[in-house]
Amino acid sequence: MDKLANPAPGFQRNPGKVITVEPYHGTVTVRAGDTIVASSRNAKVLTEAPYPAAFYIPFGDINFEQLRKTELSSHCPYKGDASYWSVLPASDGKDAMWAYEQPFDEMAEIRDHGAFYANKVSIEASKD
């Protein structure tokens with residue numbers, strides 16, 4: 001196996017950890033009130049126990065005019081450093097979206113994708 005350029009320390013310490021990323025066969029729409037913030041037929045579903053599954057939507061299907069990048073960041077030993085965006089106006093949608101802009105190699109599939117907190121926006125998923 002080739003050596004990874006940017007390996008996740010979490011997987012090195014816990015090689016039994018399972019995180020799956022699969023295509024979602026359908027449409028995922030994210031709304032803040034009546035405004036569509038994102039809509040995609042190319043979303044991916046990331047599953048990582050014990051957390052609920054999360055839809056990761058390609059940046060090209062996200063309306064960044066409705067978002068503002070914030071100062072918040074967090075670190076996951078499996079995925080990397082996450083950046084956050086608030087939905088405008090940010091009253092209810094503060095830090096509603098996160099993305100791993102430079103994920104560790106094992107999670108490269110979620111680069112240039114954003115995920116949203118279901119308690120801050122409305123997420124609808126309809127299967128094909």
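Leucine 67 stands opposite valine 87 in S7. The model is predicted, so local features need pLDDT of at least 70 and side-chain atom pairs count only at pLDDT 80 or more, whereas totals for chains, interfaces and linings use all residues. Residues are numbered from 1 along each chain as its sequence is written, and side-chain values use heavy atoms, with hydrogens and water left out.

Strand S6 (residues 67-76) pairs with S7 in the antiparallel sense over 7 bridges, and a hairpin of 3 residues joins S6 to S7. Strands are DSSP runs of E of at least two residues, numbered from the N terminus; two strands pair if DSSP finds at least two bridges between them. S7 also pairs with S8, in the antiparallel sense, over 3 bridges. Serine 83 has alanine 99 in S8 as its bridge partner. Of the 8 residues of S7, 7 are buried (under 20% relative accessible area, 1.4 Å probe, protein chains only).

Aspartate 95 lies in the loop between strand S7 (80-87) and strand S8 (97-99). Aspartate 95 has a relative accessible area of 9% and is therefore buried. Its side chain makes a polar contact with the side chain of threonine 70 at 2.6 Å; a polar contact is a pair of N or O atoms within 3.5 Å, and within protein one must be able to donate a hydrogen and the other to accept it, residues adjacent in sequence counting only if both atoms are side-chain atoms. Apart from neighbours within four places in sequence, aspartate 95 is in contact (heavy atoms within 4.5 Å) with Thr70, Leu72, Tyr84, Trp85, Ser86, Tyr117 and Lys120.

Conventions. Helix = DSSP H or I, 4+ residues; strand = E, 2+ residues; numbered from the N terminus. Buried < 20%, exposed > 50% of the residue type's maximum accessible area, 1.4 Å probe, protein only.
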